[in-house]
Amino acid sequence: MKKISSTIISCLAVSQIVFSQGTDSTKKTPPPVTITGSVDAYYRYNFNNPKTAPYNSPTSFTHSSNSFELGMASIRADHSFGKVSATVDLGFGTRAEEFAYNDGNTRFAIKQLYVTYAPSAAIKFTLGTWGTHVGYEVLDAYLNRNYSMSYMFTNGPFSHTGLKADISLGGKSALMVGISNPTDYRTAPGMPKSFIAQFSTGSKDDKFKAFLNFVAGKQTDNKKVIQPDLVATYAVSSKFGLGFNATLQSVKIKDPATSAWTTSTWSGYALYLNLDPVSWFGLTLRGEYIDDKDEYLGFKNVFVPTLSANFKIDNLTIIPEFRLDHAGNSVFYKNATETTSSTGSFILAATYHF
């Protein structure tokens, strides 16, 4: 009887499994979540050897001298299921803190968080926070060949929070349009909104790509910003490539006392020469020029050549870098009290991604 009972129970169990599988066979199985991430750290020495912050570093993320520093640890999760997807991208460290400066003084930051819906192959809607489309350089260190950042990256938008639509125009061309909170604001109750857009195109062989970017709108009731931006890349060969970024930012400030508006404009241009003679070694020379004749940024003008080497060991990249900043005004410290128009720096950085 025990054997018969055991057999009956076993048969019922098998029937239950088969029935369950049969009823669920029409359901789609969601794909697994994709997890990626990166870390970076660096040592920077400014040859003027200043003793106080920001240590002759007017651009983002490298405000130190004669010190080993942690950059950022990132963890990103992506998941898609049919026509919908979601991304959560988190950062930890000083780099993340500076990137999310409007979120409060914390070294933990939401870099990106958004959901998407693609009703067809020609259009996709995105709602949430994402990294800006403006500029050549990006937040994550391992995606840049220079470790130090450009003035254009530092003084342009970092992120946008809002709703956008990506529209395929056929071939290699596409259009993005959207509306967002003021630049870099994750929450903006009662604040004005900005218009954002991008037109992208390229050659059939993908050797040439171009992106015309745009942001415009009130940041506050007393500040308006308009910024067109152009990014272009060209692969001359498998070992040599060019990158170019040009931007123009017009800022209108209202005097609350008189209600009069004043306009300041600055522009920037950067050329990137990327050489990869072998798979494990590359060189990038970035030449950047900032025209700040209205002195909105405080420099009058800035010319910055930066030479970075990339030594690659699997997913690890070691970046020794030399940089020279020369400004039209004496904005750099050469000791505790004296200033100068030029300064030089050396960086040794390491990035890893998975």
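Contact here means heavy atoms within 4.5 Å. With that cut-off, and not counting residues up to four places away in sequence, Ser264 touches Gln249, Ser250, Val251, Asp294 and Tyr296.

Some housekeeping before I go on. This is a predicted model, where local features need pLDDT of at least 70 and side-chain atom pairs count only at pLDDT 80 or more, while totals for chains, interfaces and linings use all residues. Residues are numbered from 1 along each chain as its sequence is written, and side-chain values use heavy atoms, with hydrogens and water left out.

Back to Ser264. Its place is in strand β12; strands are DSSP runs of E with at least two residues, helices are runs of H or I with at least four, and both are numbered from the N terminus. Ser264 has a relative accessible area of 18%, so it counts as buried. The classes are buried under 20%, exposed over 50% and partly exposed in between, using a 1.4 Å probe and protein chains only. By contrast, Lys28, at 67%, is exposed. Lys28 sits in the loop between α1 (2–24) and β1, and its C-alpha atom is 9.0 Å from that of Phe81, 53 residues away along the chain.

Next, the rings. There are 15 aromatic pairs in the structure. Rings of Phe, Tyr and Trp (its six-membered ring) pair if their centres lie within 6.5 Å; planes under 30 degrees apart are stacked, over 60 edge-to-face, and the rest tilted. Phe99 and Phe158 are stacked, because their ring centres are 5.6 Å apart and their planes are at 10°. Phe99 belongs to helix α2 (residues 94–99) and Phe158 to the loop between α3 (151–155) and β6 (159–168), so this pair ties together parts 59 residues apart in sequence. Both residues are buried.

Phe158 has another partner, Tyr101: that pair is edge-to-face, at 6.1 Å centre to centre and 85° between the planes. Tyr101 is in the loop between α2 and β4 (108–120), so here the linked parts are 57 residues apart in sequence. Buried or exposed, or in between? At 45% relative accessibility Tyr101 is partly exposed, whereas Phe158 is buried at 6%. Ring pairs join Phe61, Phe99, Tyr101, Phe153 and Phe158 into a cluster.

On to the cores. A nonpolar core is a set of buried Ala, Val, Leu, Ile, Met, Phe, Trp, Tyr and Cys residues joined through side-chain atoms within 4.5 Å. The largest has 12 residues, including Tyr151, Met152, Trp266, Ile290 and Phe332. Two or more residues each come from α3, β12 (261–278) and β14 (300–313), and β12 gives the largest share, 3 residues. Leaving aside neighbours within four places in sequence, Met152 contacts Trp266, Ala270 and Ile290, among others. Apart from this core lies another, of 10 residues, among them Phe61, Ala100, Leu139 and Met149.
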